[in-house]
Amino acid sequence: RDIPETVKFNDITFSVIGIGTHAFSECMSLGSVILPSTIKFIGFGVFSYSSLESLTLPEGLDSIGAAAFCYSYLKEITLPASLRKLESSVFKGCNYLSRVNILSNNITSIPDATFDGCISLAEANIPESVISIGNSAFMNTPNLSYIEIPSKVTKIGSSCLYKSGITSIIIPDTVSELDGMMFYWCNNLKTVKLPSNLKSLSKQMFRRCSSLETIEIPDAITSIPEYTFAECTSLSEVKLPSSLQTIERNSFMECTNLSAIHIPEGVTKIMNEAFYNCNLSDIRFPTTLENIGGWAFGLGEIKELVLPVSLKEIGSHAFGGKQLECVVCLNPTPCECEENIFKNETYLYATLQVPQESMELYKSTFPWKNFFNIEGHFISNIENLSNSTNHPVEQYINTNGEVSDKPFSGINILRYKDGSTKKAIFGIKGTYRLMLI
């Protein structure tokens with residue numbers, strides 16, 4: 001179907017420079033359309049819900065209105081170099097659209113829901129002129145495996161790549177904020193480079209990214225929000241920033257391939273179910289930690305546990321996974337606990353190590369008094385220890401004063417060849433997981 005360059009009305013010839021609102025909407029007899037070179041704008045919903053399969057947009061086209069082609073049968077399209085403005089949802093729900101080539105360097109925004117639901121989309125470029133990408137812009141695009149974010153982009157909207165097929169992505173350092181659920185359910189996503197200037201993460205940002213293997217969270221991030229990495233079942237390595245203060249509830253829930261986590265100094269709270277059903281066997285807590293929420297490490301694989309002096313409160317079933325073998329409490333005063341924080345077998349078979357001078361206090365305080373095996377250590381009586389670790393360790397000295405050239409399980413004094421010393425805790429059964437204290 002051809003649209004003419006001119007039309008006559010009352011013997012006056014007019015140039016056709018635009019197509020008005022819903023002009024061909026729901027027209028199911030369209031196959032292809034040829035637009036004249038005079039066209040400057042395409043209005044709201046012009047070809048929406050139509051059977052349009054192909055058209056060539058002329059050079060000189062300036063703008064395309066909202067939902068112009070939504071739910072049409074378009075298969076591919078090229079946006080001309082003259083284009084200056086796209087409005088929202090232009091190609092939303094175009095199930096057959098597989099390729100989009102944007103030639104224009106005048107466009108500054110990919111608006112909300114531009115390609116939302118384009119389930120066949122496999123190729124789309126974002127011009128270097130773009131500085132913002134809207135909410136849900138590439139949402140539900142399972143065949144889109146790669147997209148390059150231009151270096152000038154400063155804002156990416158919520159759910160931008162929700163349930164897309166991307167496998168890797170680099171987000172430029174010009175972006176300082178990423179809104180909610182940006183990568184939610186991106187099953188193929190394996191690697192992400194987050195911008196160094198990122199100020200915050202958002203809830204459910206990477207939830208159900210089941211192929212994501214590693215993540216490095218930039219400095220300046222102070223909180224891991226709720227469900228950020230929940231159900232990332234391939235995640236095996238997480239580098240948390242030194243700026244971190246709080247790990248919110250369910251943030252790493254069901255990360256079943258995560259076996260070790262090092263919580264950095266500065267973190268004060270680990271909230272409910274933060275690492276629920278992660279197969280963690282190695283956890284290192286900071287000396288700043290004050291609160292551990294209910295089921296925070298529930299169903300884990302932990303065998304040994306060192307609880308720092310700073311810890312004030314532990315929630316119900318916080319360590320309700322497999323039976324622990326050793327629990328070391330460094331605080332002379334037992335911290336407050338809700339209900340049963342350990343599995344019943346832990347109380348029966350594990351060893352609880354507490355400051356020697358506080359043994360009787362622990363034996364009379366719930367739930368610590370439930371431990372069948374309670375031992376005392378002398379960590380609070382060790383004084384005049386240096387922080388120097390510049391020289392090799394010469395001797396390891398345990399709390400009984402025994403000396404060895406190999407670490408003892410539990411509390412050690414490390415004596416270096418330069419004469420300096422350092423306190424440390426080593427894991428049980430020869431695992432030698434060092435925690436400097």
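# Close-up views of a predicted model

**View 1. Arg-207 and Glu-231 form a salt bridge through their side chains, with N and O 2.8 Å apart.** The two residues belong to distant parts of the chain, 24 residues apart. Arg-207 sits in the loop between β17 and β18 (214-216), while Glu-231 sits in the loop between β19 (223-224) and β20 (237-239). Salt bridges with shared partners join Arg-207, Arg-208 and Glu-231 into one network. Is Arg-207 buried or exposed? Its relative accessibility is 15%, so Arg-207 counts as buried. Glu-231 has a relative accessibility of 21% and therefore counts as partly exposed. The cut-off that separates the two labels is 20% relative accessible area. The structure shown here is a predicted model.

**View 2. Lys-155 and Asp-179 form a salt bridge.** The closest N and O atoms of this pair are 3.2 Å apart. Lys-155 is partly exposed, with a relative accessible area of 43%. Asp-179 is also partly exposed, at 23% relative accessibility.

**View 3. Glu-53 and Lys-75 meet in a salt bridge between their side chains.** The N to O distance is 4.0 Å. Which parts of the chain does this pair tie together? Glu-53 is in the loop between β5 (41-42) and β6 (54-56), and Lys-75 is in the loop between β7 and β8 (76-79), so the tied parts are 22 residues apart in sequence. Glu-53 has 34% relative accessibility and counts as partly exposed. Lys-75 is partly exposed as well, with a relative accessible area of 45%. How many salt bridges does a search of the whole structure find? The search finds 12. Side chains of opposite charge can pair when their charged atoms come close.

**View 4. Ser-50 is a buried residue in the loop between β5 and β6.** The relative accessibility of Ser-50 is 0%, which is why the residue counts as buried. A polar atom of the Ser-50 side chain lies 3.3 Å from the backbone nitrogen of Leu-52. Which residues does Ser-50 touch, leaving out those up to four places away in sequence? Ser-50 touches Phe-24, Glu-26, Cys-27, Met-28 and Leu-30, and also Tyr-71, Ser-72 and Tyr-73.

**View 5. Strands β3, β5, β7 and β9 form an open sheet with parallel pairing.** The order of the 4 strands across the sheet is β3-β5-β7-β9. Why is one side of β3 and of β9 left without a neighbour in the sheet? Both β3 (18-19) and β9 (85-86) stand at the edges and each has a single partner strand, so one side of each has no neighbour there. Strand β7 (residues 63-64) is joined to β9 by 2 bridges, and the two strands run parallel. Ser-63 has Lys-85, in β9, as its bridge partner.

**View 6. Strands β8, β10 and β12 form an open sheet of 3 strands.** The order is β8-β10-β12, and the pairing is parallel. β8 and β12 (123-124) stand at the edges with a single partner strand each, so one side of each is left without a neighbour in the sheet. β8 pairs with strand β10 (residues 99-102) over 4 bridges, in the parallel sense. The bridge partner of Ile-77 is Val-100, which belongs to β10. In a regular strand the side chains alternate between the two faces of the sheet.

**View 7. Strands β1 and β2 form a hairpin with 2 residues between the strands.** Strand β1 (residues 6-9) and strand β2 (residues 12-15) run antiparallel and are joined by 4 bridges. Phe-9 has Ile-12, in β2, as its bridge partner. Which residue of this hairpin takes a positive phi? Asn-10 does, with a phi near 55°.

**View 8. Glu-304 lies in strand β26 (residues 304-307).** The relative accessible area of Glu-304 is 19%, so this residue is buried. Glu-304 and Asp-282 are 22 residues apart in sequence. In space, the two residues are 7.9 Å apart, C-alpha to C-alpha.

Conventions. Residues numbered from 1 in each chain as written. Predicted model: local features only at pLDDT ≥ 70, side-chain atom pairs only at ≥ 80, totals over all residues. Heavy atoms only, no water. Buried < 20%, exposed > 50% of the residue type's maximum accessible area, 1.4 Å probe, protein only. Pairing = 2+ DSSP bridges. Polar contact = N/O pair within 3.5 Å; in protein donor to acceptor, adjacent residues only side chain to side chain. Contact = heavy atoms within 4.5 Å.
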